[in-house]
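Please read them with the coordinates open.

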Amino acid sequence: MSHEHVRGGFADGWFPVELSQHVAEGQVVQSMLHGQELALWRPLAGSVQAWENRCPHRSVRLTLGFVAGDQLVCRYHGWRYGSDGRCTRVPSTPALAPPPAACVRTYQCREADGVVWASLALAPRGYPPRVPGLASCRSFTLDRGVEALAAGIEAAGFECSGSPVVWRERETHGEAATLLLQPLNADTTCLWLLVADAMSAPRRLAVAHRIKALFNEELSHA
Ligand code: FES
């Protein structure tokens, strides 16, 4: 799926791209959405940002850089970018205004309930889905696209909950688990398993094993 296709309307909703706890203040981390590599970063004061992971100067990954206050600095030649993506300083020519074309592509990004949500659409529909009171249990990376996973997720006892990327466990006698689907690209999806603090360790394990067994995939990370 091409990046332009996504921006053109296929995926104008919100998608989980990371857990808030993994993007600490002053940190920049890499993520992926619909085949677009993202640099997620959080200024020392302000909200998390989702940018194309490419410096406009020489295309170096911005995730190799670092956060300085409210700006992101490219590691290679030290160009600095403000929260609107525009270059604010070129160290080799400090007396000159940065070139207007030196602007990082930025994406819509929101945080809700401990999840970072992003959209490649210029004007995403609505608001990010809400998943209050949950924390990450573990995550899986599967070699299938979001659409191809739906039947399997249903078979594992989950039902779609308002958004095609949010699935809640049905018919439980205790706390229900929730799955968030992050489309890494057309053929790969990251499943985030979220559970309430009150869920017992044995039940967490049982849910995770049920998902793992169904898709017969390796755990990517816990
Ligand atoms: S490649 Fe980023 S500043 Fe040169």
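Are Trp41 and Trp51 buried or exposed? Both Trp41 and Trp51 are buried, where buried stands for under 20% relative accessible area, exposed for over 50%, and partly exposed for what lies in between (1.4 Å probe, protein chains only).

The model is predicted, so that local features need pLDDT of at least 70 and side-chain atom pairs count only at pLDDT 80 or more, while totals for chains, interfaces and linings use all residues. Residues are numbered from 1 along each chain as its sequence is written, and side-chain values use heavy atoms, with hydrogens and water left out.

1. The aromatic pair. A search of the whole structure finds one aromatic pair, formed by Trp41 and Trp51 in an edge-to-face arrangement, with 5.1 Å centre to centre and 80° between the planes. The rule behind this takes rings of Phe, Tyr and Trp (its six-membered ring) as paired if their centres lie within 6.5 Å, and calls planes under 30 degrees apart stacked, over 60 edge-to-face and the rest tilted. Because Trp41 belongs to strand β3 (residues 36-41) and Trp51 to strand β4 (residues 49-52), the pair ties together parts that are 10 residues apart in sequence. Strands here are DSSP runs (E, at least two residues), numbered from the N terminus.

2. Strand β10 and its partners. Five of the five residues of β10 are buried, so this strand is largely enclosed by the rest of the structure. Val115, Trp117 and Ser119 point one way from β10, whereas Val116 and Ala118 point the other way, and all are buried. Strand β1 (residues 15-19) pairs with β10 in the antiparallel sense over four bridges, two strands being paired if DSSP finds at least two bridges between them. Within that pairing, Leu19 has Val115 of β10 as its bridge partner. Strand β9 (residues 106-112) also runs antiparallel to β10, joined to it by five bridges, and Gln108 stands opposite Ser119. β9 and β10 form a hairpin with two residues between them, and Asp113 in the turn has a positive phi of about 55°.

3. Ala121 is found in the loop between β10 (115-119) and β11 (135-142), and with a relative accessible area of 7% it is buried. Its C-alpha atom is separated by 30 Å from that of Phe215, which is 94 residues apart from Ala121 along the chain.

4. The open sheet. Four strands form an open sheet in the order β5-β6-β7-β8, with antiparallel pairing. Its edge strands, β5 (66-68) and β8 (87-89), each pair on one side only. Between them in the stated order, strand β6 (residues 71-73) is joined to strand β7 (residues 80-81) by two bridges, and Val73 stands opposite Arg80 in β7.

5. Strand β15. Thr188 lies in strand β15 (residues 188-195) and counts as buried at 16% relative accessibility. Leaving out residues up to four places away in sequence, Thr188 touches Thr141, Leu142, Asp143, Arg144, Gly145, Gln182 and Pro183, a contact being heavy atoms within 4.5 Å. Leu191, also placed in strand β15, is buried at 0% relative accessibility. Under the same exclusion of sequence neighbours, the residues that Leu191 touches include Phe140, Leu142, Leu149, Leu180, Ile211 and Phe215. The C-alpha atoms of Leu191 and Val146 are separated by 9.5 Å, although the two are 45 residues apart along the chain.

6. The cavity. The count comes to one cavity of 30 Å³ or more, and the largest cavity has a volume of about 40 Å³. A cavity is a set of points, on a 1 Å grid over the protein atoms alone, where a 1.4 Å probe fits but cannot get out, and lining residues have an atom within 4 Å of a point. The lining of the largest cavity consists of Cys55, His57, Arg58, Ser59, Val60, Cys74, Tyr76, His77 and Trp79.

7. Positive phi values. Ser59 has a positive phi of about 65° although it is not a glycine; it is found in the loop between β4 and β5 and is partly exposed, with a relative accessible area of 43%. His34, also a residue other than glycine, has a positive phi near 50°. His34 sits in the loop between β2 (28-33) and β3 and is buried at 5% relative accessibility.

Terms used
On a 1 Å grid over the protein atoms alone, a cavity is a set of points where a 1.4 Å probe fits but cannot get out, and a pocket is an open set with protein on both sides within 12 Å along at least five of seven lines; lining residues have an atom within 4 Å of a point. Grid points are joined across faces, edges and corners, and a volume is the space filled by probe spheres set on the points.
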